[in-house]
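Here are my notes on the model, as you asked. Please read them with the structure open.

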Amino acid sequence: MMHTYTIREISELFSLPASTLRYYESEGLLPLVEKNSSGQRIYTKEHIDRLQCINCFKRTGMTIPQLRKFFEYETDEALYINDIIQLLEDQEKQLDEKLRQL
């Protein structure tokens, strides 16, 4: 049986308020969050993996719209590989510029 997590467990695991998790879901960054019979969200290992990815990219300064675009591209990597590379290269340039400014 697959292990599942509550919004409280995920919130504690990532030190994120539940409102942020719901926001990520509404923005399409956390897809396919199911709910149990009492309406509570059910998270899986895939959601944990996705949140680790989101946190990593957010630390680089990637915006929600950029993250959304990245995950849209990820659904068909072969088709969008050049777009993915461009998105990541653009982010690298922004980070390099921030480092120069610091």
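1. **Basis.** This is a predicted model: local features need pLDDT of at least 70, side-chain atom pairs count only at pLDDT 80 or more, and totals for chains, interfaces and linings use all residues. Residues are numbered from 1 along each chain as its sequence is written, and side-chain values use heavy atoms, with hydrogens and water left out.

2. **Elements.** The chain has five helices and two strands. From the N terminus on, the order is α-α-β-β-α-α-α. Helices (H or I, at least four residues) and strands (E, at least two) are DSSP runs, numbered from the N terminus.

3. **Overall extent.** Taken along the principal axes, the C-alpha atoms fill a box of roughly 50 × 35 × 25 Å. The accessible surface of the chain comes to about 7000 Å². Carbon and sulfur atoms hold 52% of that surface. Areas come from the Shrake-Rupley method with a 1.4 Å probe; for residues, only the protein chains shown count as cover.

4. Of the 102 residues, 29% count as buried. Buried means under 20% relative accessible area, exposed over 50%, and partly exposed in between (1.4 Å probe, protein chains only). Among contacts in the chain with a separation of 6 or more, 49% come from residues 24 or more positions apart. Contact means heavy atoms within 4.5 Å.

5. **α4 against α5.** Helix α4 (residues 64-74) and helix α5 (residues 77-101) pack at an angle of about 155 degrees, with axes 8 Å apart. Axes are lines fitted to C-alpha atoms, for helices over the stretch in contact; angles run from 0 to 180 degrees between N-to-C directions. The two helices are therefore roughly antiparallel to each other. The classes are: under 35 degrees roughly parallel, over 145 roughly antiparallel, 65 to 115 roughly perpendicular, and the rest oblique. The crossing of α4 and α5 is left-handed. That term means the near helix is turned anticlockwise from the far one by less than a right angle; clockwise is right-handed.

6. **The α4/α5 contact.** From α4 come Gln66, Phe70, Glu72, Tyr73 and Glu74. They meet Glu77, Tyr80, Asp83, Ile84, Leu87, Leu88, Gln91 and Gln94 of α5. The residues of this contact divide into six nonpolar, three polar and four charged. Here Ala, Val, Leu, Ile, Met, Phe, Trp, Tyr, Cys and Pro count as nonpolar, Asp, Glu, Lys and Arg as charged, and the others, Gly among them, as polar.

7. **α3 against α4.** The axes of α3 and α4 come within 11 Å and cross at roughly 135 degrees. These helices are therefore oblique to each other. Their crossing is right-handed. In α3, the contact residues are Arg50, Cys53, Ile54, Phe57 and Lys58. In α4, they are Ile64, Leu67, Phe70, Phe71 and Glu74. The set divides into seven nonpolar, no polar and three charged.

8. **α1 against α3.** α1 and helix α3 (residues 45-59) pack at about 35 degrees, with axes 12 Å apart. The crossing of α1 and α3 is right-handed. Ile10, Leu13 and Phe14 of α1 make the contact with Ile48, Leu51, Gln52 and Asn55 of α3. These residues are five nonpolar, two polar and no charged.

9. **Burial in α4.** Which residues of α4 are buried? They are Ile64, Gln66, Leu67, Phe70, Phe71 and Tyr73. Their cover includes α2, α3 and α5.

10. **Ile64 and Thr63.** Ile64 is buried, at a relative accessible area of 10%. Leaving aside neighbours within four places in sequence, Ile64 contacts Tyr23, Tyr24, Glu27, Leu29 and Lys58. Thr63 lies in the loop between α3 and α4. At 36% relative accessibility, Thr63 is partly exposed. The C-alpha atoms of Thr63 and Gln91, 28 residues apart along the chain, are separated by 9.9 Å. For Ile64 and Asn36, also 28 residues apart, the C-alpha separation is 27 Å.

11. **Positive phi.** Most residues other than glycine have a negative phi. Ser15, not a glycine, has a positive phi of about 50 degrees. Ser15 sits in the loop between α1 (7-14) and α2 (18-26) and is exposed, at 67%. Leu32 has a positive phi of about 60 degrees and is not a glycine either. Leu32 is in the loop between α2 and β1 (34-35) and is exposed, at 76%.
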